Amino acid sequence: MTLTTNQIPSWKKLSLFAVTWPILIDSVLRMMLGTVDVFMLSRISDKATGAVGLANEIIYFCILMFGFVGIGTSVAVSQYIGAGREKEASRIAALAISMNLIFGILVSILLVFFGEPLLVLMKLDPEQIGIASHYLKIIGGFIWIEALSYALSSVIRASGQTKSVMFVTLGVNLIHVTGNYLLIFGNFGFPEWGVTGAAVSTVVSRLLGVFVLFILLYRKTPARIRIKDYVNWNGSYVKQILSVGLPAAGEHLSWQSQYLMIISFVNIIGITALNTHVYVMNVSNYFMALGMAIGIGTEIIVGQMVGAGEMKEAYRRLIKSVRISFVLTIAIVGTAVIFRRELIGMFTEDPAIITLGATIFLLSIVLEPGRTFNTVVINSLRAAGDARFPVLMGVISMWGVSVPLAYLLGVHLGYGLIGIWIAFVVDEWLRGTIMLLRWRSRAWEKKALVKPAETVPDTGIGA
């Protein structure tokens, strides 16, 4: 018997390449929002660059926290679509958008009032605190825009429409680069605002992107979202989102908080180490984008497979994705390492920073495959509903291994930034190995959030 297009299970219509490459481009473009600020401001001074780079670390932390709803939503929506329950997928999507907006507004308030004390706690150079605080208040005051964007993108991607999100992010970047050119340097008669110009450009471009994402939401989702769905707080849906989202948030919180702790160690080492770290991370983020893209792409497909009850297919999909991500990461990082001095030289002419940064880049050959491997497996565990194990192991490894090892090697034994990055390597490989063993145990097969449509009547509430 031949199935029609509408009868073919949704997960069979998705290929990893077709889903992943737009996510990769989208991830790279999103990272460019911060990198463009750092790159353009480096034309003003290394001091301004280091200050904005550290402020962006806090911004990235907040954006990762918005992911706790986004990740829970992506998993739930993927499983509902895989189970053939599109109406419920749309209802849970609307609820998630409202939840992230409220969360984003709360975070904006906190950043405006407590951003500067946080910078002081991170031991930022006093001369840089004023610059970073000003930038953080503008970006942070409107961070709720990014919370909305994260939720909307997660919903649209979960239905397999990854290209649409990519094109929106491309448009946001073009507007952002143009805005930076006009407002940082005062070109074509615009005011020369420097750091303020970079912040204003970021906010405006993100706001325009959200408007377009809302339009796509109503054009691309399988079932239309009703206005009342945004305010109908169905307890079952909230529980499903948070059952995956809260553990994911815990892991992200643990990672970013230990990372901020380690950044304070970098500040103790000195301003050259901080500036070097900011520049290297702005390049390394692009290495991480590949693992993130394959991880999210695999998450979407695995989530739909689990929702359809296809556990064997889900198991094989993850193993294939790990192999692909490992080979691609080694190839890309290996190529970049050849041009490591030129890459750092794009940001600064300081020979001390270039030399140290080039050395750190060599460690990326070992670090990035481990990080990618770790990311891909964790995303699939979450997609299957197994969200608590990764956060438990993550907290143990990050705070029991990464933080103390970073202090021991970087500060106490005097290996500086090199010692810090060795600690990153150990942490990523340890967690990745543990996550793969969890996947191979198949304990995740019993943790699906929903059941296929034929086993549950459409009652309008979650399974």
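Which residue's side chain meets that of Glu146 in a salt bridge? It is Arg206, with an N to O distance of 3.3 Å. Before going further, note that this is a predicted model. Glu146 sits in helix 5, residues 143-158, and Arg206 in helix 7, residues 195-220, so the pair links distant parts of the chain, 60 residues apart. Are these two residues buried or exposed? Glu146 has 6% relative accessibility, and because the cut-off for buried is under 20%, Glu146 counts as buried. Arg206, at 13%, counts as buried too.

By the rule used here, the count comes to ten salt bridges. I will take two others.

The next one joins the side chains of Glu428 and Arg371, at 3.8 Å from N to O. Glu428 is buried, with a relative accessible area of 4%. Arg371 is at 8% relative accessibility and counts as buried.

Glu428 and Arg371 also belong to a network of salt bridges, in which they are linked with Glu368, Asp427 and Arg431.

The last pair is Asp386 and Arg438, whose side chains meet in a salt bridge at 2.9 Å, N to O. Asp386 is buried, with a relative accessible area of 2%.

Now to the helix contact. At what angle do helix 8 and helix 12 pack? The angle is about 160 degrees, and the axes are 11 Å apart. Helix 8 covers residues 235-269. Angles over 145 degrees count as roughly antiparallel, and helix 8 and helix 12 are therefore roughly antiparallel to each other. Their crossing is right-handed.

Which residues make the contact? From helix 8 they are Val244, Ala248, Glu251, His252 and Trp255. Helix 12 contributes Arg371, Ile378 and Arg382. By class, the residues of this contact divide into four nonpolar, one polar and three charged.

Arg371 is the residue to look at on your screens. Arg371 takes part in the contact of helix 12 with helix 8, and its side chain also meets that of Glu428 in a salt bridge.

Key. Residues numbered from 1 in each chain as written. Predicted model: local features only at pLDDT ≥ 70, side-chain atom pairs only at ≥ 80, totals over all residues. Heavy atoms only, no water. Salt bridge = Lys/Arg side-chain N within 4 Å of Asp/Glu carboxyl O. Helix = DSSP H or I, 4+ residues; strand = E, 2+ residues; numbered from the N terminus. Buried < 20%, exposed > 50% of the residue type's maximum accessible area, 1.4 Å probe, protein only. Axes fitted to C-alpha atoms, helices over the stretch in contact; angles between N-to-C directions. Parallel < 35°, antiparallel > 145°, perpendicular 65-115°, else oblique. Left-handed = near helix turned anticlockwise from the far one by under 90°. Contact = heavy atoms within 4.5 Å. Nonpolar A, V, L, I, M, F, W, Y, C, P; charged D, E, K, R; others polar.
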